Amino acid sequence: MNKIEKLADQIASWVFLYNDREQWFGKKVTKANLNYYLLNTFNNLGIVLVTFVAGLILNEPDVFIQTMCAFGLFRLFTGGRHMGSSLSCIVVSTLIIVTGALLPLPGYSSMLVSILTVIITYLYAPASFGVKAIQLPLERRRIYRIISFLLILVSLISDKNHIIAVLFIQSLTLIDGKPRKDGRRWRVD
């Protein structure tokens, strides 16, 4: 357990110990629930902070913020691989955002990259695997896939290469096993 996970566990323990469990949304909240949400909050804050600092250092904060927002929104609807620790999540996510922000897409390559992103998204999204896999009902999977396609289309229409690049890189994290016609995947694990 790294320092981020320990901090989340300590805060969750304290909140669970000193608060009435019934007051949270009218239902019982376990320490594990609190720990999970705190850990996600710390991960997201870490990604935002590191990405913003990288944008300031490279004198492109607006490009980095746009790339980070596009990455987060696309990942919300497509899913992808989950890392084993909070620190690796922050590092990998930040590397994807920085790479997307700095990757040049000359000429017609943005169109080609968008087509590849659509294909990968069609075959694999929404995907959830790794340490903290989440399974979605079929109807929600369809809605998420449609929203994902709309995000790809908007990125292509907006002609922002950094957004097209980060969506493509994020789509690569969806690949795990062989796609099947019913939208489910064969597991490699």
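Guide: Let us start with a nonpolar surface patch formed by Y108, M111, L112, I115, L116, I119, Y122 and L123, which together have about 840 Å² of accessible area. Patches here join residues with over 30% relative accessible area and no salt bridge, like charges within 9 Å and nonpolar side chains (Val, Leu, Ile, Met, Phe, Trp, Tyr) within 5 Å. A salt bridge is a side-chain nitrogen of Lys or Arg within 4 Å of a carboxyl oxygen of Asp or Glu, and accessible areas come from the Shrake-Rupley method with a 1.4 Å probe, where for residues only the protein chains shown count as cover.

A word on the source: this is a predicted model, in which local features need pLDDT of at least 70 and side-chain atom pairs count only at pLDDT 80 or more, while totals for chains, interfaces and linings use all residues. Residues are numbered from 1 along each chain as its sequence is written, and side-chain values use heavy atoms, with hydrogens and water left out.

Back to the patch. One of its members, L123, belongs to helix α5, residues 109–124; helices (H or I, at least four residues) and strands (E, at least two) are DSSP runs numbered from the N terminus. L123 counts as partly exposed because its relative accessibility is 32%; buried would be under 20%, exposed over 50%, and partly exposed is in between (1.4 Å probe, protein chains only).

Now step past helix α5. In the loop between α5 and β2 (127–130) you find P126, and the peptide bond leading from A125 to P126 is cis, with omega near -15°. For context, most peptide bonds are trans, and most residues other than glycine have a negative phi.

D159, in the loop between α6 and α7, is not a glycine, yet has a positive phi of about 55°. D159 counts as exposed because its relative accessibility is 54%. N59, in the loop between α2 (31–57) and α3, likewise has a positive phi, about 60°, without being a glycine. With a relative accessible area of 63%, N59 is exposed.
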